[in-house]
Amino acid sequence: MLGSNVLVVQALGFFGTVAFIGSRVAVSLLAIQTGSGPADIGMLFFLYSVAQVLLGVATGRWIDRVGLVLPGVVCALATMAGLASVYVMPGWWTLVLCSVATGSMMMYCITGLNAAAGELGDPARRSASIAWYMFGNSAALGIGPVLTGFGVDLHGARTVFRSEEHTSELQSRLHLVCRL
């Protein structure tokens, strides 16, 4: 039987991955709609990973020093700000901001939540905790782009950024309520 902390870590990873993967799809589609070329879209995709490369070790140290709650909330709020900026004022620079903010949040999800999943339960249950955490992430990798695609078709790219912002808001509230 899964403990409640495993489900919380799984939910945090799921919502973070949905926001990350969904925003990549929405950013590229909105960039195409605004007339950006392949090199521009490639640059946006690069920006999703640059924060992970530059800040990964520092984020791991920060998580070790202060725990998971503060870094988790900060990264979720940064993602919300990036997604909201595209909703409020769609344009090239807000797509850049969204790419960097959402990419940095995903780096936290990978670093912090992976460590949290590994620390849950006794040694015999750790592999199950990590497996369930990865199951949530894997499900989000498939669900995020599909939901984003349908959302863009039905409601437009700006509305999708708003709904992904709510996903990050839910993630930050989970962190605060569960103190994980």
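Helix 5 bends by about 25 degrees at Ile143, with a proline, Pro145, following within four residues. The model is predicted. Helix 5 also contributes to the lining of the largest pocket, together with helix 1 and helix 6.

**Helix 5**
- Helix 5 comprises 33 residues, 123-155.
- From first C-alpha to last, helix 5 reaches 47 Å, close to the 48 Å expected at 1.5 Å a residue.
- The buried residues of this helix are Ser129, Tyr133, Gly136, Asn137, Ala140, Gly144, Thr148, Gly151 and Val152.
- An α-helix has 3.6 residues a turn, so residues three or four places apart point the same way.

**Ser23 in helix 1**
- Ser23 lies in helix 1, which spans residues 4-33.
- With a relative accessible area of 0%, Ser23 is buried.
- Apart from neighbours within four places in sequence, Ser23 is in contact with Val18, Tyr48, Leu83, Cys98, Thr102 and Glu164.
- Val18 and Glu164, among the contacts of Ser23, also belong to the lining of the largest pocket.

**The largest pocket**
- The largest pocket holds about 170 Å³ of space.
- Its lining consists of Val18, Gly22, Gly144, Leu147, Thr148, Gly151, His155, Thr159, Val160, Ser163, Glu164 and Thr167.
- Helix 1, helix 5 and helix 6 (157-178) are the elements that each give two or more residues to this lining.
- Gly144, Thr148 and Gly151 of the lining are also among the buried residues of helix 5.

Definitions and conventions: Residues are numbered from 1 along each chain as its sequence is written. This is a predicted model: local features need pLDDT of at least 70, side-chain atom pairs count only at pLDDT 80 or more; totals for chains, interfaces and linings use all residues. Side-chain values use heavy atoms; hydrogens and water are left out. The expected span of a helix is 1.5 Å times one less than its number of residues. The bend at a residue is the angle between axes fitted to the seven residues ending there and the seven starting there. Buried means under 20% relative accessible area, exposed over 50%, partly exposed in between (1.4 Å probe, protein chains only). Contact means heavy atoms within 4.5 Å. On a 1 Å grid over the protein atoms alone, a cavity is a set of points where a 1.4 Å probe fits but cannot get out, and a pocket is an open set with protein on both sides within 12 Å along at least five of seven lines; lining residues have an atom within 4 Å of a point. Grid points are joined across faces, edges and corners, and a volume is the space filled by probe spheres set on the points.
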